[in-house]
Amino acid sequence: MEAFMTKRALKRTVREGANDAGYYDDAKVRRLPVEHRSAWSPLSGPGHEERDQSYLKTIKPKSPGQASLMEAIDDKNLIMALGPAGTGKTYIAIAKAVEALEAGKVGRIVLSRPAVEAGESLGYLPGDMEEKLAPYLRPLYDAMSDRLSVKRMRALMAEGAIEIAPVGFMRGRTLNNAFVVIDEAQNCTYMQLKMLLTRLGWNSTMVVTGDPNQSDLLPGISGLGDVAEKFEAIDNIAVVRLADRDIVRHPLVAEMLGVL
């Protein structure tokens, strides 16, 4: 019987990504078992000495740009977060969305991103339209599950408190009492962004993230850069531009982006 229960526990651990409350030392701290295969890791401090592998659900900025972004999200209802890959734009936005939902500041989280093909066709993917779109929305699921246990995330999605949808399904809606994150906005046209931005309703916060220099659209079609430039003249809208120094992925990412 003991061996049987062990197998059941192991299957549950694999299925739920080891995110059950049993893996928490308390309600706020998560212990991450990480195997380091190189001298550098995100958990290393100056000189590469190891830091305590504890993870607080209330995130802290790791760069001046991230601090500016978090402050803007707290102060404004519409935030444009522009910067290269690895600067934490999406992660910070989703973390703030979870904080707002858990604190009762909003009633739901709405996450959206364009389903733009990057050199491959939707037709080659198996399944119906929902299954075809799933890989495009996977990064949002990953970021969300890192802030919540998989079980809690599924429960909130079933209740409608968390909604993940492609951009094409957002037309005609008014998003009241919501925290809205528009991810990969560099793959939206000017008219798509105009449609998305005007979804903002009462008691809502919207964060638009993207890198104008990394669009999968044809040159000149992305509207993110133009919209951000126009919004910089509006005091009630925050436009936060992150740079290479704000990259928190492997140091090679910043070096690669410097030459690519």
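Student: Which residue stands opposite Ala178 in β6?

Tutor: In this predicted model, Arg108 stands opposite Ala178. Next along, Ile109 has Phe179 of β6 opposite.

Student: Which strands are pairing there, and over how many bridges?

Tutor: The strands are β4, residues 108–113, and β6, residues 178–182. They pair in the parallel sense over 5 bridges.

Student: What about β4 and β5: how many bridges join them?

Tutor: There are 5 bridges between β4 and β5, and these strands run parallel. Val110 of the chain stands opposite Glu163 in β5.

Student: Is β4 enclosed or open, and why?

Tutor: Strand β4 is largely enclosed by the rest of the structure, because 5 of its 6 residues are buried. Ser112 lies in this strand. Ser112 is buried, with a relative accessible area of 0%.

Student: What does Ser112 touch?

Tutor: Setting aside residues up to four places away in sequence, Ser112 touches Leu140, Ala165, Pro166, Val167, Met170, Val181, Ile182 and Asp183.

Student: Now the sheet as a whole. What is the strand order?

Tutor: The order is β5-β4-β6-β7-β3-β8, in an open sheet of 6 strands with parallel pairing. Its edge strands are β5 (162–166) and β8 (237–241), each of which pairs on one side only. On average, neighbouring strands of this sheet are turned by 15° against each other, direction ignored.

Student: Which helix packs on it, and which strands does that helix touch?

Tutor: Helix α2, residues 64–75, packs on the sheet. It touches β3 (78–82), β6, β7 (205–210) and β8, and its direction makes about 165° with that of β8.

Student: You mentioned β7. How many of its residues are buried?

Tutor: In β7, 6 of the 6 residues are buried, so this strand is largely enclosed by the rest of the structure. Thr205, Val207 and Thr209 point one way from β7, while Met206, Val208 and Gly210 point the other way.

Student: Why do the side chains alternate?

Tutor: That is the regular pattern: in a regular strand the side chains alternate between the two faces of the sheet.

Student: Changing topic: which residues touch the most other members of the largest nonpolar core?

Tutor: They are Leu69, Ile79, Ile109, Leu111, Met144, Ile162 and Phe179, in a core of 34 residues. Helix α3, residues 89–102, gives the most to this core, with 8 residues. There is also a second, separate core of 24 residues, which includes Leu78, Ala178, Leu196 and Leu224.

Student: And what is Phe179 in contact with?

Tutor: Leaving aside neighbours within four places in sequence, Phe179 is in contact with Ile73, Ala93, Lys96, Ala97, Ala100, Val106, Arg108, Ile109, Val110, Thr205 and Val207.

Student: What tends to happen to nonpolar side chains in general?

Tutor: In soluble globular proteins, nonpolar side chains tend to be buried together.

Student: On to helix α5. Which of its residues are buried?

Tutor: In α5, residues 150–159, the buried residues include Val150, Met153 and Leu156. These three lie on the same side of α5, because they cover an arc of only 130° around the axis.

Student: What is on the other side, and which residue follows the helix?

Tutor: Ala158 and Glu159 are exposed on the other side of α5. The helix is followed by Gly160, whose phi is positive, near 90°.

Student: What share of the contacts comes from residues 24 or more positions apart?

Tutor: Such residues account for 73% of the contacts in the chain with a separation of 6 or more.

How values were computed: Residues numbered from 1 in each chain as written. Predicted model: local features only at pLDDT ≥ 70, side-chain atom pairs only at ≥ 80, totals over all residues. Heavy atoms only, no water. Buried < 20%, exposed > 50% of the residue type's maximum accessible area, 1.4 Å probe, protein only. Helix = DSSP H or I, 4+ residues; strand = E, 2+ residues; numbered from the N terminus. Arc of directions from axis to C-beta. Pairing = 2+ DSSP bridges. Axes fitted to C-alpha atoms, helices over the stretch in contact; angles between N-to-C directions. Contact = heavy atoms within 4.5 Å. Core = buried A, V, L, I, M, F, W, Y, C linked by side-chain atoms within 4.5 Å.
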